[in-house]
Amino acid sequence: MTGDPGKMSCAEFQAQLPELIGSGVDVSADPHLESCDRCRALLAELETIAEAARQLFPSVEPPEEVWEHIESALKREGE
Amino acid sequence: MPNSSSPTQARNAPRANGGPEPGRTAPKPANPADAEVLTRAQAGDHEAFAQLYSLHKRRIYSLCLRMVGNVAEAEDLTQEAFLQLHRKIATFRGDSAFSTWLHRLAINVVLMQLRKKGLSLISLDEAMEPTPEEGPSRSFGAPDLTLSGAIDRLALERAVADLPTGYRLIFILHDVEGFEHNEIASMLDCSIGNSKSQLHKARLKLRDALRSQKHPEERP
């Protein structure tokens, strides 16, 4: 890793992403991104995927029968 | 980067005192009423157990459904998870949040089922330590194909379903269910760093899969 973050290679920048994304650090302000379209696009895509996961997968209600089956099984176990 | 409304930037306000990950709600302190329900359920009160089921059924069922991708199986797994909860609830000592403990129990039920079926392409242990060849590609080298426009729900569902088990589990727990890395580490008996690293690889794999769906000619 170089001392100057602006001269960081793509590999060095991407190796830090697991720690940086979600850490509280503003990754989008990283100096490497000023000169690297590829890593800027990568970051935007990873953010898009994380956002989509939150928005596109609402929790689902199980059917009533699940509880009915649980109650029946509990009764059988208690007998 | 000029995009001042980037989701990461918006979420990444500095945290103090190890607070919740940006964009996430801090875990609520145990509601006294919920704690009382838990205590009664631990003492064998059936009505209290029914209340616990009502409180947690959606998240547990959704987790099962996303892990196995089959409604009937997800119903069976939810049933089994809550039956195991009933058998083990007296052993809960409050070392972690009850929800974390319950999820850990449900995850074990799901993983046991996946192993039984032999359909899991990769075990959880393997997923936690993937070989470099199994990992998703890095960005350098490949042509840059930005995921333009909104991600289609079905496309994302397909891509998530195709993830190896361990990646899928961590992605669902963190990005879908909203658990934090320390909670996931506790559920999966791994380090926080490992959880972060595997989540990142899961997102990279999803990115590769979504790009392949958009640009099938780019597939190797």
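The legends below describe close-up views of a predicted model. Local features need pLDDT of at least 70 and side-chain atom pairs count only at pLDDT 80 or more, while totals for chains, interfaces and linings use all residues. Residues are numbered from 1 along each chain as its sequence is written, and chains are lettered from A and ligands numbered from 1 in the order in which they are written.

**View 1. Chain B and its helices.**
Chain B has 10 helices and zero strands; helices (H or I, at least four residues) and strands (E, at least two) are DSSP runs, numbered from the N terminus. The order of its elements from the N terminus is α-α-α-α-α-α-α-α-α-α. Of its 220 residues, 40% count as buried. A residue is buried if 20 or more other C-beta atoms lie within 10 Å of its own, exposed if 12 or fewer, and partly exposed in between, with C-beta atoms placed from the backbone. Among contacts in chain B with a separation of 6 or more, 66% join residues 24 or more positions apart. Two residues are in contact if their C-beta atoms, placed from the backbone, lie within 7 Å.

**View 2. Helix 4 of chain A against helix 4 of chain B.**
Two packed helices are described by the angle between their axes and the distance between the axes. Here helix 4 (residues 64–78) of chain A packs on helix 4 (residues 71–88) of chain B at an angle of about 40 degrees, and the axes are 9 Å apart. The two helices are therefore oblique to each other. Axes are lines fitted to C-alpha atoms, for helices over the stretch in contact, and angles run from 0 to 180 degrees between N-to-C directions. Angles under 35 degrees count as roughly parallel, over 145 as roughly antiparallel, 65 to 115 as roughly perpendicular and the rest as oblique. The crossing of these two helices is right-handed; a crossing is left-handed if the near helix is turned anticlockwise from the far one by less than a right angle, and right-handed if clockwise. Chain A contributes A:Val66, A:His69, A:Ile70, A:Ala73 and A:Leu74, which meet B:Glu75, B:Thr78, B:Gln79, B:Phe82, B:Leu83 and B:His86. Ala, Val, Leu, Ile, Met, Phe, Trp, Tyr, Cys and Pro count as nonpolar, Asp, Glu, Lys and Arg as charged, and the others, Gly among them, as polar.

**View 3. Helix 1 of chain A against helix 10 of chain B.**
The axes of helix 1 (residues 10–20) of chain A and helix 10 (residues 192–214) of chain B come within 8 Å and cross at roughly 120 degrees. This pair is therefore oblique, and its crossing is right-handed. A:Leu17, A:Pro18 and A:Glu19 make the contact from chain A, with B:Lys196, B:Ser197 and B:His200 from chain B.

**View 4. Helix 5 and helix 9 within chain B.**
Helix 5 (residues 98–117) and helix 9 of chain B pack with their axes 9 Å apart, at an angle of about 45 degrees. Helix 5 is therefore oblique to helix 9. The crossing of helix 5 and helix 9 of chain B is right-handed. The contact is formed by B:Thr100, B:His103, B:Arg104 and B:Ile107 of helix 5 and B:Glu183, B:Ser186 and B:Met187 of helix 9. These residues divide into two nonpolar, three polar and two charged.

B:Ile184 lies in helix 9 of chain B and is buried, with 25 other C-beta atoms within 10 Å. Leaving aside neighbours within four places in sequence, B:Ile184 is in contact with B:Ile170, B:Leu173, B:His174, B:Phe179 and B:Ser195. B:Asp189 sits in the loop between helix 9 (181–188) and helix 10 of chain B. B:Asp189 is exposed, with 10 other C-beta atoms within 10 Å. Most residues other than glycine have a negative phi. B:Asp189 has a positive phi of about 55 degrees although it is not a glycine.

**View 5. B:Arg59 in helix 3 of chain B.**
B:Arg59 is in helix 3 of chain B and is partly exposed, with 19 other C-beta atoms within 10 Å. Apart from neighbours within four places in sequence, B:Arg59 is in contact with A:Ser59 and B:Glu177. The C-alpha atoms of B:Arg59 and B:Glu183 are separated by 15 Å, and these residues are 124 apart along the chain.
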